[in-house]
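Please keep the 3D view open as you read.

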Amino acid sequence: MSFLGSGRGRLLRELSRRCTQRPQRQGASISPSYQLHPRAPASKRCGVLTPPVFFRLFLEPGDYAACFRRYMSHQFSLDGVEDAAEQVVEPPPVSLAKSLASLAEESAAAVQRQRKPLARMERKRLAELRIKKRVKEQYLNGKFYGLMDKVVANAATLEDAYDIVRLNSNVDLASAKDDVCFVTLAEELRSGEFDVRANAFSVVAKRKRGHLVLPGLNLKVVQETIRVVLEVVYRPQFSKISHGCRSGRGYHSALRFITDEIGVPDWCFTVPLHKEVDSNVTSKLISLIQEKIDDTLLVAFMQNMFDAKVINLVFGGYPKGHGLPQEGVLAPILMNIYLDSFDHEVFRICLKHEGLGLEATNVSEDRGSNLRHWFRSQLKGRGENSEGQTNCQTKTKLYACRYMDEIFVAVSGSRDVAEDMKSEMVAYLNKSLYLEVDDKIHLVPIRRNPRGVQFAGFVVRVETKENAKLKAVHKLKEKIRLFASQKQEIWDAMNLRVGKKWLAYGLRRIKESEIKSLGVSTPLLDHIAQFRKEGMKTDHWFKTLLKVWMQDVNAKNELNEDVLLSKYIAEPALAQDLRDAFYNFQKQAKDYISSETAAMEALLSNLKSEESTSACTGGSVKIHAPLSYIQKCLHRYGIINLEGFPRHVSALVLQDDELIVSWFAGIVHRWIRWFSEVDSFKELQLMFVDCVRKSCIRTLSAKYRMYEKLTEKRFELDDYGIPMVEDFEAIIKPLESSYSVASTDEALVYGISGSGLVVLTLSRVPTRQFNCFVMGCQSASPSMYVLHVKEKQRFPGWRTGFSSSIDGILDGKRIGLCTQHIKDIYLGHISLQSVDFGSLIR
């Protein structure tokens with residue numbers, strides 16, 4: 001039978017061989033619950049299992065029935081197997097249980113040999129699961145008890161937390177560890193002798209007042225332990241509104257919620273928060289923690305960290321999740337705990353206005369049926385209209401989405417209802433959570449606002465689907481605009497050519513006037529020669545004349561010298577009728593475009609009114625990357641010049657070739673990871689090639705002083721993920737597929753996946769030996785680097801690919817990094833939170 005050739009058949013043969021071994025001592029037999037083979041001789045009936053028993057042990061019910069029918073039809077037996085077993089030397093007796101156990105061990109060993117090694121974040125998840133098991137053991141009657149004594153102050157837990165710190169720093173766990181005595185640290189925590197201030201350090205600003213308190217290694221390990229403990233306790237109770245620092249949730253899930261589930265709302269607004277932690281916020285947060293955790297030691301330790309200002313919890317101070325050093329590891333979980341009550345308040349407001357509010361329509365008169373109607377509408381789906389309801393605008397709907405301290409609210413309904421919801425949310429944040437909210441919260445009519453709303457570093461706006469008539473008008477208008485712009489470019493180019501010829505002609509005439517044999521002399525040249533100083537060279541004199549002329553015509557306000565030569569030299573020399581004809585043509589083209597724009601707006605308003613009677617869509621919500629701000633960042637970091645052309649980055653010239661390429665590759669990798677799902681990703685593809693790739697080539701060319709074509713052939717940039725236009729899809733798809741589920745889980749990579757690119761310049765080779773400043777790394781640091789803070793975005797910040805909102809105190813700080821970790825910082829594998837800025841102080 002083919003069954004015996006399969007894997008189960010081999011397993012049956014092996015088990016049959018072991019079960020047919022005759023025991024050495026008399027009376028030994030297998031368990032009486034197994035049926036003996038009816039055709040086997042009496043001397044061979046000790047331990048022979050019938051095929052039906054074999055099939056029941058190793059086959060599924062359907063497979064067992066089929067094989068048993070084949071066995072009964074063919075009178076299949078295992079006599080051949082028994083005869084072959086008699087020719088083998090009999091080993092010592094083995095029980096059936098041990099035989100089955102050994103087979104399971106052999107199978108598990110084979111699977112283990114074929115299993116791939118665990119990835120970095122998978123090992124981090126295993127370490128968190130070990131701590132999670134210890135935390136759940138302390139749960140009793142709805143609360144957690146003794147977490148500080150039993151879990152945090154545990155040497156095994158602290159060692160797991162230290163492994164998490166090393167994994168966040170991309171350090172191999174098999175390498176040497178720092179001199180951290182986990183037993184002593186656990187005793188200090190248990191007895192209350194651990195000094196928070198002594199295990200933290202202050203980074204003082206050079207020029208301005210202020211300092212930044214950052215944790216040392218031991219305190220970092222303790223904070224990581226407390227973070228895991230708090231996440232185990234509170235993460236299951238978080239609302240679906242919250243999208244920050246949770247498994248399966250992040251800024252991508254928040255944007256998908258906005259585009260897929262909200263539809264097209266009538267009003268949108270964001271709630272900007274502004275608050276530094278004070279005594280009111282601290283006491284409120286401690287009371288929220290005590291609702292789930294009954295542990296005075298843990299509460300006292302957290303209060304000590306707040307007093308030492310080593311927990312930098314700021315609402316609305318800087319964009320969260322960007323891997324900033326001042327953010328810390330406890331900021332995300334503490335912020336989610338504090339704002340979780342606001343999430344539940346949003347549900348209460350939603351129930352009030354949707355289920356029992358005055359805006360609910362088409363319900364029976366009694367109040368109880370109002371609530372039942374609301375539940376039925378929620379079960380049927382958000383997008384379905386109730387029976388008899390013809391206008392979708394009359395139905396009030398509230399949608400809310402929160403990513404850390406950024407809150408996005410969308411309302412479908414009247415403006416008055418949206419104002420009431422906004423005022424209730426602001427009142428709760430002010431009175432219950434003691435948070436300051438910006439008074440200038442404007443309701444944005446998202447359908448009529450082309451600028452959109454900023455949320456989580458992206459732009460959210462509604463785009464109307466173009467009608468066929470609208471497309472035709474738009475296409476004709478663009479053709480006229482393109483034709484007029486082409487004629488303007490030709491006009492400017494020809495005028496510039498005339499101006500340059502005039503400039504060259506003037507210089508040539510002055511030089512010819514100095515040659516006596518030519519005899520070139522005019523009254524104008526003789527008059528100009530009187531103002532020439534003695535010993536002044538011709539070129540210097542000509543530049544002086546041009547400078548005086550520019551002052552006379554007041555040309556400093558012009559954009560560049562091309563406009564100057566075209567406007568002040570060439571055009572005045574042209575015939576008046578020619579100039580009038582050209583500018584008349586441009587005026588007519590502009591008037592036609594403006595008239596068509598007005599007609600298109602009128603047509604668009606008519607189409608909207610027609611669509612509103614038939615459907616309520618009128619467009620769709622789109623997510624866009626901040627392209628204009630990204631271009632400003634490219635200029636700020638030296639990748640492009642003022643005119644938008646790529647240039648070399650002088651700060652990177654002294655670094656190694658691999659680090660230079662990794663710096664530019666880090667921009668591309670971040671853009672792919674952040675913006676691959678946005679609707680403006682096609683426009684970013686041009687920046688990949690036109691800006692990043694060309695700037696990388698020019699930086700390497702400036703380093704080696706070689707031609708750009710030779711540089712591009714020498715360095716295979718495609719291997720680093722910096723593609724050309726024609727190879728874009730082939731290079732980008734493998735990068736997108738390389739992001740596993742664990743590597744994109746924001747609960748595991750929070751502060752790493754959103755970290756931006758920084759500028760590090762080579763400072764010097766240290767005279768004394770330094771280890772790498774990354775926590776957990778024992779490699780030597782061959783060079784010192786200087787951190788440059790290029791920008792400090794206001795809250796909320798944009799996602800640009802570059803590191804924003806780094807505290808200005810860290811500007812100019814020197815850090816020692818090994819080659820591997822500076823490459824990891826450039827590529828976005830680690831963030832600045834892994835760097836111990838106090839190593840140089842010690």
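Helix H12 (residues 279–290) and helix H13 (residues 296–307) pack at an angle of about 155°. Angles over 145 degrees count as roughly antiparallel, and H12 and H13 are therefore roughly antiparallel to each other. Their axes are 11 Å apart, and H12 passes H13 in a right-handed crossing. Bear in mind, as you turn the view, that this is a predicted model.

Now compare a second pair. Helix H6 (residues 120–136) meets helix H10 (residues 217–234) at an angle of about 65°, and 9 Å separates their axes. Since 65 to 115 degrees counts as roughly perpendicular, H6 and H10 are therefore roughly perpendicular to each other. The crossing of H6 and H10 is right-handed.

Rolling a probe the size of a water molecule over the atoms shows where empty space is left. The count comes to eight cavities of 30 Å³ or more, and the largest cavity has a volume of about 250 Å³. This largest cavity is lined by 22 residues, of which Asn-168, Glu-224, Val-329, Tyr-750 and Gln-833 are the closest to its centre. Which helix gives the largest share of the lining of the largest cavity? That is H10, with four residues. Helix H8 (155–168), H10 and helix H28 (746–749) each supply at least two residues of this lining.

From the cavities we can move on to the open spaces. The largest pocket has a volume of about 960 Å³. There are 27 residues lining this pocket, and the closest to its centre are Thr-270, Val-453, Gln-454, Phe-795 and Pro-796. Strands take part here: strand S5 (267–270), strand S10 (406–412) and strand S12 (453–455) each supply at least two residues of the pocket's lining. The largest share, three residues, comes from S12. Sorted by type, the lining of the largest pocket holds 13 nonpolar, nine polar and five charged residues.

How values were computed:
Residues are numbered from 1 along each chain as its sequence is written. This is a predicted model: local features need pLDDT of at least 70, side-chain atom pairs count only at pLDDT 80 or more; totals for chains, interfaces and linings use all residues. Side-chain values use heavy atoms; hydrogens and water are left out. On a 1 Å grid over the protein atoms alone, a cavity is a set of points where a 1.4 Å probe fits but cannot get out, and a pocket is an open set with protein on both sides within 12 Å along at least five of seven lines; lining residues have an atom within 4 Å of a point. Grid points are joined across faces, edges and corners, and a volume is the space filled by probe spheres set on the points. Ala, Val, Leu, Ile, Met, Phe, Trp, Tyr, Cys and Pro count as nonpolar, Asp, Glu, Lys and Arg as charged, and the others, Gly among them, as polar. Axes are lines fitted to C-alpha atoms, for helices over the stretch in contact, and angles run from 0 to 180 degrees between N-to-C directions. Angles under 35 degrees count as roughly parallel, over 145 as roughly antiparallel, 65 to 115 as roughly perpendicular and the rest as oblique. A crossing is left-handed if the near helix is turned anticlockwise from the far one by less than a right angle, and right-handed if clockwise.
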